[in-house]
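Below is a walk through a two-chain complex. Keep the coordinates open and follow along, strand by strand and helix by helix.

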Amino acid sequence: MHGLYAIYRKEMGHYFVSPIAYIFIGLFLILSAFFFNVILAEVIKESFQMEMQSMQFGQAPGFDVPAAVMRSFFGLLSTLVLFFTPILTMGVYAEERKRGTMELLMTSPVSELEIVLGKFLASLSLFAIMLLPTASYLIFMVLRSEPMLPWRMLLAGYAGILLLGGSLLALGSFVSSLTENQLIAAVITFAASLFIWVLDIGRGSDSGTSAVLQYLSVIRHYEDFTRGVIDTSSLMYYFSFIVLFVFLTVRSVDSMRWRRA
Amino acid sequence: MIEVQDLTKSYGQVKAVDDISFTVNKGEILGFLGPNGAGKTTTMRILTGYMPATSGTARVAGFDVFRDSMEVRRRIGYLPENPPVYPDMAVETYLDFVARIKHVPAERRRGRIDDALKKTNLEDRRSELIKRLSRGYKQRVGIAQALVHDPDVIILDEPTVGLDPKQIIEVRNLIKGLAGNHTIILSTHILPEVSMTCDRVVIINKGKVAAVDTPQNLTAQLKGGQKIRLEVEAPERRLREVLAQVPGASRVEIDPERAGERLAVTVEAAQGNDIRSEIAAKIVENGWRLFELRGVSLSLEDIFLELTTDDATHAQPSS
């Protein structure tokens, strides 16, 4: 599998050579930091209001600020991810095809699976690197929380966002392999992501279809993670999702051999 | 080393490659000559494992290109028409990447990269970003990547296109130097290149093989076939009959643009016959007025055009 590693290295190298990656990550971090502040302020304000109310009515509901902040923040991250991942994946295959390097890869002793996995893991790594600094705000908050928030919640949340991001990256890679036009790839990826996102819209009703749709919605499973719950059915969902789209991408890359010119 | 048999590639109704067969012996340099769209690139892509054929077989070093694709790919270095380079990488880094995906073992990589850089004269450019190199240098990087894993077979698609004359000579010498240790296929439009570098030539047109032979044989064979130009005042039909009777004459062509009393005629003679005096005699015999009679010999250019503008099977290959 040295082909896989070589391709992974090359992809990572390319990400960090172009200024676009830095701008991208920078923008993501600025937005996430800004919203973290907003969320923190909002939650604190709300908790004071609740305290006021409980004092008025003699109840002590005990508003858990850090947990609420964490949940909202992970919710925000997922929205950012929805917008950022199509841009991350749009050029993964398009560039290679334009430069003719796809021909190099496909006439070398590397399998399509190695190519697809190498690229996917690289995009996932970039995604993880992008997320890493956001952990600093949360870690800081957890350390200062009293009683201290269990680390499990933090880990579950990040596991969730990584799986969610990984799924959208796999989807985006597949779409990117279908077209040479990066813009179209980004738009279609975004639209498709949005579609599976809102599949849980039928949440209110109790019908059978609604249950199926809810299971298929990519955001539904994420919510469990943000609450600190790691549900095996959600894990299965994300793994299946990723495996499915990696498989489809491999077939799509193979089909490039049959496309004219 | 390379055997191609009845290879066909169709895209729907169109046959890009139509039932071609040829072999390349170990250490040989084979030239692929043909106009654009003849099927040269498609054939190369089939040999390198990029795309599968519709029917027929191709074997490289004993391995079938379809069934044992990975084995074949290990043994081939390929330079497509546009060098497949990553602009943002340095030359060295790029060659390292290619060495890795071609399974060059770690301990040999350094040596192989240095060797490839030396052979293509890129040593002083090794740390430079590829996007900063001129076309000629990029082409050399393309050649270097085809060499880096020391493959048995090297396939080059138009390797000298875009190079200046000095670089062209360097590349040709490089290719000739590689023969013997490597088996080489190169495709080109440049006819002198074929006679200068190749041991044998396959002329391809419209997906079919028009001729397979050494450059010398091809020119000799068809050069021996003369073309004779006539200007004569004679009735067309009768003239054709008479000329057809001349032993050794093959085709008679009358220029339609100059119809009228004085006909412009081209007669082709089969190999080795100088039929000019016979033609002259026949014309005089019939009492026609002869204004011009001259022989025109064929250059490789003519042969090429001849073989590729008319029937693909016009020339009889003697491989």
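Start in chain B, with strand β11 (residues 227-233) and its partner β14(B). The two pair in the antiparallel sense over seven bridges. One pair to pick out is B:Glu231, which stands opposite B:Glu292 in β14(B). Bear in mind from here on that this is a predicted model.

Now widen the view to the whole sheet. Four strands of chain B form an open sheet in the order β12-β13-β11-β14. The pairing is antiparallel. Which strands stand at the edges? They are β12 (249-254) and β14 (289-296) of chain B. Each has a single partner strand, so one side of each is left without a neighbour in the sheet. Direction ignored, neighbouring strands of this sheet are turned by 20 degrees against each other on average.

Two helices pack on this sheet. Helix α9 (residues 236-245) of chain B touches β11, β12 and β13 (262-269) of chain B. The direction of α9 makes about 165 degrees with that of β12(B). Helix α10 (residues 276-285) of chain B touches β11, β13 and β14 of chain B. The direction of α10 in chain B makes about 170 degrees with that of β14(B).

Strand β1 (residues 2-11) of chain B has two pairings to look at. Seven bridges join β1(B) to strand β2 (residues 14-24) of chain B, and the two run antiparallel. Within that pairing, the bridge partner of B:Ile2 is B:Val24 in β2(B). The hairpin of β1(B) and β2(B) has two residues between the strands. There, B:Gly12 takes a positive phi near 65 degrees. The other pairing is with strand β4 (residues 55-60) of chain B. Five bridges join β1(B) to β4(B), again running antiparallel. Here B:Thr8 stands opposite B:Ser55 in β4(B).

How far can these coordinates be read? For chain B the mean pLDDT is 84, and 88% of its residues reach 70 or more. Which element of chain B has the lowest mean pLDDT, and which the highest? Helix α11 (residues 300-309) of chain B has the lowest, at 64. Helix α3 (residues 91-101) of chain B has the highest, at 96. Over residues 310-319 of chain B the pLDDT is below 50. That stretch still has 18 contacts in the model beyond near neighbours in sequence. Where pLDDT is low, the predicted coordinates should not be read in detail. For the complex, the predictor gives an ipTM of 0.86 and a pTM of 0.81.

Turn to where the chains meet. Here 20 residues of chain B are in contact with 20 residues of chain A. On the side of chain B that touches chain A, α2 (69-74) and α3 of chain B each supply at least two residues. By class, the residues on this side of chain B divide into 11 nonpolar, four polar and five charged.

How many helices and strands does chain A have? There are 11 helices and zero strands. The C-alpha trace of chain A spans about 75 × 45 × 30 Å along its principal axes.

Take one helix pair from chain A. Helix α1 (residues 2-17) and helix α6 (residues 112-144) of chain A pack at an angle of about 40 degrees, with their axes 8 Å apart. They are therefore oblique to each other. α1(A) passes α6(A) in a right-handed crossing. Residues of α1(A) in this contact include A:Leu4, A:Ile7 and A:Tyr8. They meet a set in α6(A) that includes A:Ile115, A:Leu121 and A:Leu126. The contact of α1(A) with α6(A) has 10 nonpolar, three polar and three charged residues.

Now take a second pair. Helix α10 (residues 218-226) and helix α11 (residues 232-255) of chain A pack at an angle of about 135 degrees, with their axes 10 Å apart. These two are therefore oblique to each other as well. The crossing of α10(A) and α11(A) is left-handed. From α10(A), the contact is made by A:His221, A:Asp224 and A:Phe225. From α11(A) come A:Ser234, A:Tyr237 and A:Tyr238. The residues of this contact divide into three nonpolar, two polar and one charged.

Technical notes: Residues are numbered from 1 along each chain as its sequence is written. Chains are lettered from A and ligands numbered from 1 in the order in which they are written. This is a predicted model: local features need pLDDT of at least 70, side-chain atom pairs count only at pLDDT 80 or more; totals for chains, interfaces and linings use all residues. Axes are lines fitted to C-alpha atoms, for helices over the stretch in contact, and angles run from 0 to 180 degrees between N-to-C directions. Angles under 35 degrees count as roughly parallel, over 145 as roughly antiparallel, 65 to 115 as roughly perpendicular and the rest as oblique. A crossing is left-handed if the near helix is turned anticlockwise from the far one by less than a right angle, and right-handed if clockwise. Two residues are in contact if their C-beta atoms, placed from the backbone, lie within 7 Å. Ala, Val, Leu, Ile, Met, Phe, Trp, Tyr, Cys and Pro count as nonpolar, Asp, Glu, Lys and Arg as charged, and the others, Gly among them, as polar. pLDDT is the predictor's confidence in each residue, from 0 to 100. Two strands pair if DSSP finds at least two bridges between them.
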